[in-house]
Amino acid sequence: MLITFRHYDTLRLFVEVGQHRSFSDAAEILNMTKGAISYQIKVLEADLGVNLFERSPRGAVLTEEGSRLMTLARPLFRNIEAELATFKGVNTNQLTVGMSSYFASRWLSPRLMEFMQEHPDIQLRIQPMTQLTDLERQGVDLAIRWGNGAWDDVEIEPFMPMPSWPVGNPKAAEKVQRIGLKRAFSEFTLLRDHDGSTAWSEWLASAGLPDQTRKDTLIIPDPNVRVQAVIDGQGIALNDALVMRELEEGTLVRLSDVELESYGYFLARPRRAKHAESVDAFIHWLHRL
């Protein structure tokens, strides 16, 4: 058979960038540099003779041609990866749950022993993650994911509604009191979890404030590091009730009553994953808490 297309490896990179809408996020997941992925995508675009992405301040946006290719390529790669996973077999007594270290340390950790006592036959592994995407490739059976639940790469189940709102250190709070919310927020650095995040844009719109440019942002994927950066005065961030200790201590201050009501924690599992008994047992236990 004559092979006329020779960029299948790059096509896989294209799918990764397309589903995350970010060259930076794809680079982190694939353990590559952002420059290397950008170069490979340019090679693919040159071979196809079309632009697949529009580079914008909000990330990598698929063009019409890019969307068509994504619709074709993404399910094919998913099918291949799912079939390869079956070669390894499934051990229903092993369970890998992915989540941020922030959620693990602040909410889940004190409760884990109860699950272990109820299910001594399940070998549980908690996998700290900053990028809760591409769960199949990372060997994650279930993830606890923060956001608004608007994801199409996984099966989503609501778990813990927890509205988000902006926090800063006491100096930031004093600044808001002194010059007002609108002016203060125009001068703050907004800390985000990843390039493609829309959480701050949604909050600013809810508060009736203008959106910020990329110059006003700092990407810190690890939520615990982001909390410390706010305390250290590096910017402000969107947080939730899991920072109650810092609020009570006064190292963090809530800056506004406006909140993202649809945000919280969701259970996410790979779309093509088999519903193992261990996963179902863990989900059932979580909903009882």
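**Legends to close-up views of the predicted model**

Phe53 is buried, with a relative accessible area of 3%; buried means under 20% relative accessible area, exposed means over 50%, and partly exposed lies in between (1.4 Å probe, protein chains only). Residues are numbered from 1 along each chain as its sequence is written, and side-chain values use heavy atoms, with hydrogens and water left out. The model is predicted: local features need pLDDT of at least 70 and side-chain atom pairs count only at pLDDT 80 or more, whereas totals for chains, interfaces and linings use all residues.

**View A. The protein has 12 helices and 12 strands.** Helices (H or I, at least four residues) and strands (E, at least two) are DSSP runs, numbered from the N terminus. The radius of gyration, 21 Å, is close to the 19 Å given by the globule rule for 289 residues, so the protein is as compact as a globular protein of that length. This radius is taken over C-alpha atoms, and the globule rule is 2.2 Å times the number of residues to the power 0.38. The C-alpha trace spans about 70 × 55 × 25 Å along its principal axes. Of the 289 residues, 46% count as buried. Among contacts (heavy atoms within 4.5 Å) with a separation of 6 or more, 75% come from residues 24 or more positions apart.

**View B. Phe14 and Phe53 form an aromatic pair.** Rings of Phe, Tyr and Trp (its six-membered ring) pair if their centres lie within 6.5 Å; planes under 30 degrees apart count as stacked, over 60 as edge-to-face and the rest as tilted. By this rule there are 14 aromatic pairs. The pair of Phe14 and Phe53 is tilted, at 5.5 Å centre to centre and 50 degrees between the planes. Phe14 lies in helix α1 (residues 8-20) and Phe53 in strand β1 (residues 53-56), so this pair ties together parts that are 39 residues apart in sequence. Phe14 is buried, with a relative accessible area of 0%.

**View C. Phe115 and Phe282 form an edge-to-face aromatic pair.** The centres of the two rings are 5.0 Å apart, with 80 degrees between the planes. Because Phe115 lies in helix α6 (residues 112-118) and Phe282 in helix α12 (residues 277-288), the pair ties together parts that are 167 residues apart in sequence. Both Phe115 and Phe282 are buried.

**View D. Ser100 lies in the loop between β3 (94-99) and α5.** Ser100 counts as buried, at 11% relative accessibility. A polar atom of the Ser100 side chain lies 3.1 Å from the backbone nitrogen of Phe103. Such a polar contact is a pair of N or O atoms within 3.5 Å; within protein, one must be able to donate a hydrogen and the other to accept it, and residues adjacent in sequence count only if both atoms are side-chain atoms. Phe103 also belongs to an aromatic cluster with Trp107, Phe159 and Tyr265.

**View E. Helix α10 (residues 223-231) has the buried residues Pro223, Arg226, Val227, Ala229 and Val230.** Seen down the axis of α10, these residues fall within an arc of 160 degrees, so they line one face of the helix; the arc is that of the directions from the helix axis to the C-beta atoms. An α-helix has 3.6 residues a turn, so residues three or four places apart point the same way. The elements that cover the buried residues of α10 include α5 (101-108), β7 (165-168), β8 (190-192), β10 (237-239) and α11 (244-249). At the start of α10, a side-chain oxygen of Asp222 comes within 2.9 Å of the backbone nitrogen of Asn224. Gly233, which follows α10, has a positive phi, near 85 degrees.

**View F. Helix α9 (residues 199-206) has the buried residues Ala199, Trp200, Ser201, Trp203 and Leu204.** These residues pack against β5 (142-147), β7, α8 (181-187), β8 and β10. Just after α9, Gly208 takes a positive phi of about 75 degrees.

**View G. Thr71 lies in helix α4 (residues 64-88).** Thr71 counts as exposed, at 60% relative accessibility. A polar atom of the Thr71 side chain lies 2.9 Å from the backbone oxygen of Ser67. The C-alpha atoms of Thr71 and Arg226, 155 residues apart along the chain, are separated by 35 Å.
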